[in-house]
Amino acid sequence: MARSKSSNQWLKEHFDDEFVKLSQERGYRARSAFKLEEMVAKFDLLKGVEAVVDLGAAPGGWCQVVKYHLKSDAMVVGLDLLDIEPIEGVDFIQGDFTSDEVYDQLLTLLGDKKIDLVLSDMAPNLSGMNAMDQPRCMYLAELALDFCHQALNKNGNHAIKLFQGAGFDEHIQNMKQAFKKVTIYKPKSSRARSREVFAVAQGFK
């Protein structure tokens with residue numbers, strides 16, 4: 001079956017994309033690694049960090065960035081519904097973060113250890129119907145914030161992908177109640193047409 005014009009255009013844009021080319025050159029598994037690189041540089045997210053949890057970690061690009069910047073003995077845990085090829089020094093949990101069983105598995109792995117940084121690039125499988133997709137996105141964001149309350153160190157940080165729409169402003173207010181500072185940021189490596197932004201929360205109370 002022949003590809004549609006729109007899919008051919010997407011492929012052309014993808015392979016012409018400077019960040020796709022850069023990710024291939026640097027050995028990153030996804031162009032999204034540069035979104036985290038930008039946030040690390042702008043907000044100094046990894047300074048003094050010894051333990052990180054990456055929610056929605058597949059295919060592992062953000063974990064690669066974290067391991068590159070941190071000491072070799074830093075604890076890095078990635079979680080995703082999809083299988084992830086191993087990365088040396090990273091513990092991966094495969095499962096659905098909305099599942100109590102998987103959530104408890106994550107807490108068990110952490111034990112008494114508190115986290116310095118919670119990252120979330122999670123997104124549900126999008127249907128293209130915003131009335132369905134947006135609430136599911138915000139639900140994942142709420143779960144990530146709940147996890148921060150469970151496992152984040154005092155003065156720890158949290159960076160999460162969000163989509164602007166219903167529930168967005170309310171969630172930002174909830175983040176502001178939990179953190180000293182919350183900044184909405186759109187990395188240069190985020191495609192201009194994408195509705196995604198990142199909320200960077202610093203100084204967990």
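## Close-up views of a predicted model

**View 1. Lining of the largest cavity.** The largest cavity is lined by Met122, Ala123, Pro124, Cys137, Met138, Ala141, Lys161, Leu162 and Phe163. In this predicted model, the volume of the largest cavity is about 40 Å³, and the count of cavities of 30 Å³ or more comes to one. At least two lining residues of the largest cavity are supplied by each of α6 and β5 (152-163).

**View 2. The largest pocket and its centre.** The largest pocket holds about 1,200 Å³ of space. Its lining consists of 41 residues, and those nearest the centre are Asp121, Met122, Ala123, Pro124 and Lys161. Of these, Met122, Ala123, Pro124 and Lys161 also belong to the lining of the largest cavity. Elements that each supply at least two residues to the pocket lining are α1 (5-16), α4 (61-69), β2, α6 and β5. Helix α6 gives the most to this lining, with four residues.

**View 3. The largest nonpolar core.** This core comprises 37 residues, and the members that touch the most others are Leu55, Phe97, Leu106, Leu110, Phe147, Leu162 and Phe179. Helix α6 (residues 130-151) provides the largest share of the core, nine residues. A further core of 28 residues lies apart from it, including Ala33, Val52, Leu117 and Phe198.

**View 4. Surroundings of Leu110.** Leaving aside residues up to four places away in sequence, Leu110 touches Val53, Met75, Val77, Ile115, Phe147 and Ala151. Both Leu110 and its contact Phe147 are listed among the core residues that touch the most other members. Leu110 is also one of the buried residues of helix α5.

View 5. Within α5 (residues 100-110), the buried residues are Val102, Tyr103, Leu106 and Leu110. These residues lie on the same side of α5 because they cover an arc of only 105° around the axis. The face turned away from this buried side carries Asp100, Glu101 and Thr108, which are exposed. Cover for the buried residues of α5 comes from elements including β1 (51-55), β2 (75-80), β3 (90-94), β4 (115-120) and α6.

**View 6. The ends of helix α5.** At the start of α5, a side-chain oxygen of Ser99 comes to within 3.2 Å of the backbone nitrogen of Glu101. Glu101 is itself one of the exposed residues on the face turned away from the buried side. Just after the helix, Gly111 adopts a positive phi of about 60°.

**View 7. Asp83 in the loop between β2 and β3.** Asp83 is located in the loop that links β2 to β3. Asp83 counts as exposed because its relative accessibility is 58%, with the cut-off for this class set at over 50%. Asp83 and Ile93 stand 10 residues apart in sequence, and their C-alpha atoms are 8.7 Å apart in space.

**View 8. The whole protein, for orientation.** Seven helices and seven strands make up the secondary structure elements of the protein. Along the sequence, these follow the pattern α-α-α-β-α-β-β-α-β-α-β-α-β-β. Of the 205 residues, 51% are buried. Among contacts with a separation of 6 or more, 65% join residues 24 or more positions apart.

Methods:
Residues are numbered from 1 along each chain as its sequence is written. This is a predicted model: local features need pLDDT of at least 70, side-chain atom pairs count only at pLDDT 80 or more; totals for chains, interfaces and linings use all residues. Side-chain values use heavy atoms; hydrogens and water are left out. A nonpolar core is a set of buried Ala, Val, Leu, Ile, Met, Phe, Trp, Tyr and Cys residues joined through side-chain atoms within 4.5 Å. Buried means under 20% relative accessible area, exposed over 50%, partly exposed in between (1.4 Å probe, protein chains only). Contact means heavy atoms within 4.5 Å. The arc is that of the directions from the helix axis to the C-beta atoms. A polar contact is a pair of N or O atoms within 3.5 Å; within protein, one must be able to donate a hydrogen and the other to accept it, and residues adjacent in sequence count only if both atoms are side-chain atoms. On a 1 Å grid over the protein atoms alone, a cavity is a set of points where a 1.4 Å probe fits but cannot get out, and a pocket is an open set with protein on both sides within 12 Å along at least five of seven lines; lining residues have an atom within 4 Å of a point. Grid points are joined across faces, edges and corners, and a volume is the space filled by probe spheres set on the points.
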